[in-house]
Amino acid sequence: MTSNRNTKLYKITNLIVEIRSRGEILTKRSKPYEVQGRSKEGTVNIFIVPDFEEFERNKDIYPHLTAEDWEYIRTGFAFYDSILDFNGFGLHASALAMDDRAVLFSGPCGIGKSTHTRLWQQRFGKSKVVIINDDKPALRLENDIIYAYGTPWSGKNDLHKNIRVPLEAIVFLKQSQENRIRRLGYKEGLRMLIYQSLCPRKTPEKMDKLLTLIELVLKKIPVYQLDCNIGFQAVGLAYNRIFAWE
Amino acid sequence: MKVKEGYLLRELADTFVVVPTGKATLDFSGVITLNGPGAFLWKLLSEEKTEGELLKAITEEYEVEVETAKVDIVEFIEKLKAADLLV
């Protein structure tokens with residue numbers, strides 16, 4: 001890892017973000033979002049400067065993380081925290097786009113989100129199904145529409161695309177022998193969304209903004225629960241429910 | 001008794017939700033949904049209150065019989081205690 005810091009401008013979730021980075025992971029994964037030709041008149045919406053002194057002081061708490069890993073994770077937290085001021089938030093989910101509509105598959109770690117979206121790609125083909133972000137898609141309300149966005153922060157894999165797709169549905173996964181899908185009621189949907197949304201600092205102000213956004217999401221798009229096993233039948237069931245005309 | 005510091009009560013559509021904020025997130029990782037009377041009691045409990053004071057307030061605010069209200073309040077307090085939300 002080089003010791004120089006690079007300060008670059010990026011456009012992420014349609015916001016101008018200035019990031020001062022050092023490590024390979026962050027630099028590589030942010031490349032698709034780089035803004036070419038820095039404009040002096042342009043406003044920077046978000047500044048992200050990881051505090052490496054903090055990492056040095058607390059290195060023992062993260063023995064499994066290199067400075068590069070830590071930078072990648074920390075800048076991600078800073079980003080998802082910042083977008084709350086711009087009608088946006090992150091959701092712990094694997095997000096796919098199909099026919100210009102985004103579907104987010106959410107749930108706790110290990111539930112099978114990536115496995116499920118991978119099956120969609122196998123079933124319909126990679127030209128039809130694109131992974132927007134495999135771990136933390138950003139949702140942003142713009143002009144009364146909720147969009148799902150790719151970001152450089154995609155978890156373990158470098159699976160994300162610098163695209164914006166209108167949100168169609170959110171599906172919470174549960175592991176099950178039998179495949180079943182149902183629409184969640186308001187309270188259930190609310191609970192699941194709060195659990196899986198990213199709100200790093202959790203100050204009352206940020207939590208309040210997050211709840212306002214979640215309320216809007218619940219008003220505008222359907223939230224489902226999919227009990228499923230690993231297979232194409234589960235994909236078909238979800239596809240028919242979400243995309244087929246009722 | 002009163003509720004612990006650091007919880008945010010928000011009204012959303014036809015329900016109320018309580019979420020931990022700041023340091024409280026270390027103690028409580030859940031989400032509580034409340035109905036109208038529950039939210040009313042929660043707000044009262046942001047300051048020190050006795051069961052008697054809660055009973056008086058709720059019977060004044062809602063058209064409910066004292067005996068019913070008593071049972072509901074006890075139940076509500078037990079729930080909060082079980083989730084370790086009261087001091």
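**Entry 1, cores.** I looked up the largest nonpolar core in this predicted model. I count 36 residues in it, and Phe89(A), Leu104(A) and Ile170(A) touch the most other members. Helix H6 of chain A, residues 204–220, gives this core its largest share, 7 residues. Apart from this core I find another, of 25 residues, with Phe16(B), Val18(B), Leu54(B) and Ala57(B) among them. I note that in soluble globular proteins nonpolar side chains tend to be buried together.

I then listed the contacts of Leu104(A), leaving out residues up to four places away in sequence.

**Entry 3, the contact of chains B and A.** Next I turned to the interface. Chain B brings 17 residues to the contact and chain A brings 14 residues. Between them the two chains bury about 1,400 Å², with 66% of this area on carbon and sulfur atoms. Which three residues supply more than any other three of the area that chain B buries against chain A? I get Arg10(B), Leu12(B) and Val31(B), with 37%.

I find 2 salt bridges between chain B and chain A. One of the residues I checked, Arg10(B), pairs with Asp208(A) in a salt bridge whose closest N and O atoms are 2.8 Å apart. On the side of chain B that touches chain A, strand S1 (7–12) and strand S2 (15–20) are the elements that give two or more residues. By class I sort that side into 7 nonpolar, 7 polar and 3 charged residues.

Terms used:
Residues numbered from 1 in each chain as written. Chains lettered and ligands numbered in written order. Predicted model: local features only at pLDDT ≥ 70, side-chain atom pairs only at ≥ 80, totals over all residues. Heavy atoms only, no water. Core = buried A, V, L, I, M, F, W, Y, C linked by side-chain atoms within 4.5 Å. Buried < 20%, exposed > 50% of the residue type's maximum accessible area, 1.4 Å probe, protein only. Helix = DSSP H or I, 4+ residues; strand = E, 2+ residues; numbered from the N terminus. Contact = heavy atoms within 4.5 Å. Buried area = accessible area lost by both parts, 1.4 Å probe. Salt bridge = Lys/Arg side-chain N within 4 Å of Asp/Glu carboxyl O. Nonpolar A, V, L, I, M, F, W, Y, C, P; charged D, E, K, R; others polar.
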